[in-house]
Amino acid sequence: MNAFKQMAEMGHEQVAFFRNDDVGLRAIIAIHNTTLGPGLGGCRLYPYASEADALRDVLRLSRGMTYKASIAGLDLGGGKAVIIGDPGIKSEALFRAFGQAVQSLGGRYITAEDMNTNVEDMNNIHRETDFVTGGGQATGGSGDPSPVTAWGVFHGIRATLEVVFGSPDVRGRKVAIQGCGNVGRYLAGYLAEAGASLYYTDINGARVQRVIDQHGGVAIEGDEFYGLDVDVLAPCAVGGIINKHTIPLLKAPIICGGANNILNDEVPDGEALAEKGVTYGPDYVVNAGGLINVYSELKGYPRAKAMDDAANIFNTTKSIINKAKSEGITTIEAANHLAEARINAVAKLRSFHLG
Ligand SMILES: NC(=O)c1ccc[n+]([C@@H]2O[C@H](COP(=O)([O-])OP(=O)(O)OC[C@H]3O[C@@H](n4cnc5c(N)ncnc54)[C@H](O)[C@@H]3O)[C@@H](O)[C@H]2O)c1
């Protein structure tokens with residue numbers, strides 16, 4: 001697997017492997033960078049085809065968390081965990097064993113929900129460690145972060161609209177949402193309330209129907225999404241969907257959604273979008289609301305403050321797009337440069353010895 005080589009290439013500090021055969025736990029926790037604070041990131045339960053796939057995923061995801069926390073101005077580093085397993089087979093013991101693994105790192109890593117893990121799983125983790133966020137109220141947790149994530153994405157969309165059309169007003173704008181799960185359906189609610197016309201696709205037809213019943217709008221076929229003649233494409237399902245195959249199909253002037261790793265290959269895909277005149281609201285900038293929410297939980301802030309901070313994604317997104325324009329670079333590069341600059345500046349503070 002060349003673990004050390006991969007860690008060195010991506011700049012990771014630590015990767016820890018955990019097993020407990022009695023409960024079926026095989027987990028990897030990756031801590032990318034703790035310059036700004038403890039590594040925080042969700043725990044993903046997924047039936048990876050191989051251990052190498054699991055390692056690759058946790059390394060990529062934990063690095064992404066470093067950038068997301070930095071650009072959001074939080075005192076957090078980047079970390080992430082994966083449990084290799086069947087999402088259909090969950091148990092209290094599995095998550096308690098994972099909680100023990102988290103506890104053993106002494107606070108260098110703080111966990112939260114991710115794909116296939118939920119509030120109940122966080123509650124079980126909390127039985128073994130305090131280094132967990134996103135549990136239910138009974139454990140002092142802030143629960144499901146997706147309404148805050150979607151609120152941040154909504155403001156990211158408003159920022160891209162302002163840059164492209166001169167006004168952030170959503171009224172009358174056409175937005176297509178791919179993925180009507182937690183983030184997609186809350187985003188649909190905010191957009192519908194602001195007067196947008198909505199189009200939806202999801203591999204689960206019942207989810208599309210649920211969101212149409214709640215907020216109105218039109219169902220589209222999965223393949224129609226990329227070539228749809230709308231103002232905004234909002235990917236809120238899986239990553240890698242903007243790539244060399246889908247970019248030639250695009251008609252929408254804006255891509256801005258909640259999914260992680262929307263661009264399949266950051267540099268060439270970012271450049272191809274820029275050449276085509278498509279404005280891309282960088283994924284980890286606009287979907288930072290969930291992280292902002294769990295950070296609020298750690299700090300003891302009320303949800304109203306998390307919502308206000310997530311709304312500030314409007315300003316962050318706008319300044320990143322403007323930086324990209326003035327420097328002739330892609331929006332994802334502009335975001336990366338700002339995130340790295342903050343980490344490097346804070347790292348220099350450490351050289352000042354406090355007597
Ligand atoms: N939940 C959060 O707070 C949060 C925060 C940051 C980023 N994200 C990212 O946002 C995305 C969505 O997260 P979520 O919590 O809403 O997940 P979710 O599982 O609740 O919803 C995802 C939806 O996408 C659908 N889907 C899957 N593959 C699809 C495809 N190929 N085409 C169309 N639809 C498809 C699923 O059926 C599901 O309804 C993920 O990429 C996640 O990493 C979520």
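Predicted model: local features only at pLDDT ≥ 70, side-chain atom pairs only at ≥ 80, totals over all residues.
Trainee: Which strand do two bridges join to strand 11 (residues 254–255)?

Mentor: Strand 11 runs parallel to its partner. Within this pair, Ile254 has Thr279 as its bridge partner. The strand joined to strand 11 by two bridges is strand 12.

Trainee: Which are the edge strands of the open sheet of six strands?

Mentor: The order of the open sheet is 9-8-7-10-11-12, with parallel pairing. An edge strand here pairs on one side only. The edge strands are strand 9 (218–219) and strand 12 (279–280).

Trainee: In which sense do strand 2 (residues 25–33) and strand 5 pair?

Mentor: Strands of a sheet pair through backbone hydrogen bonds, either parallel or antiparallel. Strand 2 and strand 5 share six bridges. In one of these pairings, Ile29 has Ala81 of strand 5 as its bridge partner. The sense of the pairing is antiparallel.

Trainee: How many bridges join strand 4 (residues 43–46) to strand 5?

Mentor: Strand 4 and strand 5 run parallel. Leu45 has Ile83 in strand 5 as its bridge partner. The number of bridges joining strand 4 to strand 5 is four.

Trainee: Which residue in strand 5 is the bridge partner of Leu40?

Mentor: Strand 3 (residues 39–40) is joined to strand 5 by two bridges, and the two strands run parallel. Leu40 has its bridge partner in strand 5. That partner is Gly78.

Trainee: What is the handedness of the β-α-β unit made by strand 4, helix 2 and strand 5?

Mentor: The two strands of the unit, strand 4 and strand 5, run parallel. The helix of the unit is helix 2, residues 51–71. The unit is right-handed.

Trainee: How many residues of helix 1 (residues 3–10) are buried?

Mentor: Helix 1 has eight residues and is hardly covered. After helix 1 comes Gly11, with a positive phi near 80°. The count of buried residues in helix 1 is zero.

Trainee: Which helix gives the most to the shell around the ligand?

Mentor: Helix 5 (146–165) and helix 6 (182–193) each supply at least two residues of that shell. The top contribution is three residues. The helix that gives the most is helix 6.

Trainee: How many residues of the shell around the ligand are polar?

Mentor: There are 25 residues around the ligand, and Thr149, Gly179, Gly181, Ala237 and Gly290 come nearest. In the shell, eight residues are nonpolar and two are charged. The polar residues number 15.

Trainee: What radius of gyration does the protein chain have, against that of a compact globule?

Mentor: The chain contains 13 helices and twelve strands, and its C-alpha trace spans about 55 × 50 × 40 Å along its principal axes. Of its 355 residues, 48% count as buried. With 355 residues, a compact globule would have a radius of gyration near 20 Å, so the chain's own value agrees: 20 Å.

Note on methods:
Residues numbered from 1 in each chain as written. Pairing = 2+ DSSP bridges. Right-handed = clockwise from strand over helix to strand, strands pointing away. Near = placed C-beta within 6 Å. Nonpolar A, V, L, I, M, F, W, Y, C, P; charged D, E, K, R; others polar. Rg over C-alpha atoms; globule rule 2.2 N^0.38 Å. Buried ≥ 20, exposed ≤ 12 C-beta atoms within 10 Å, placed from the backbone.
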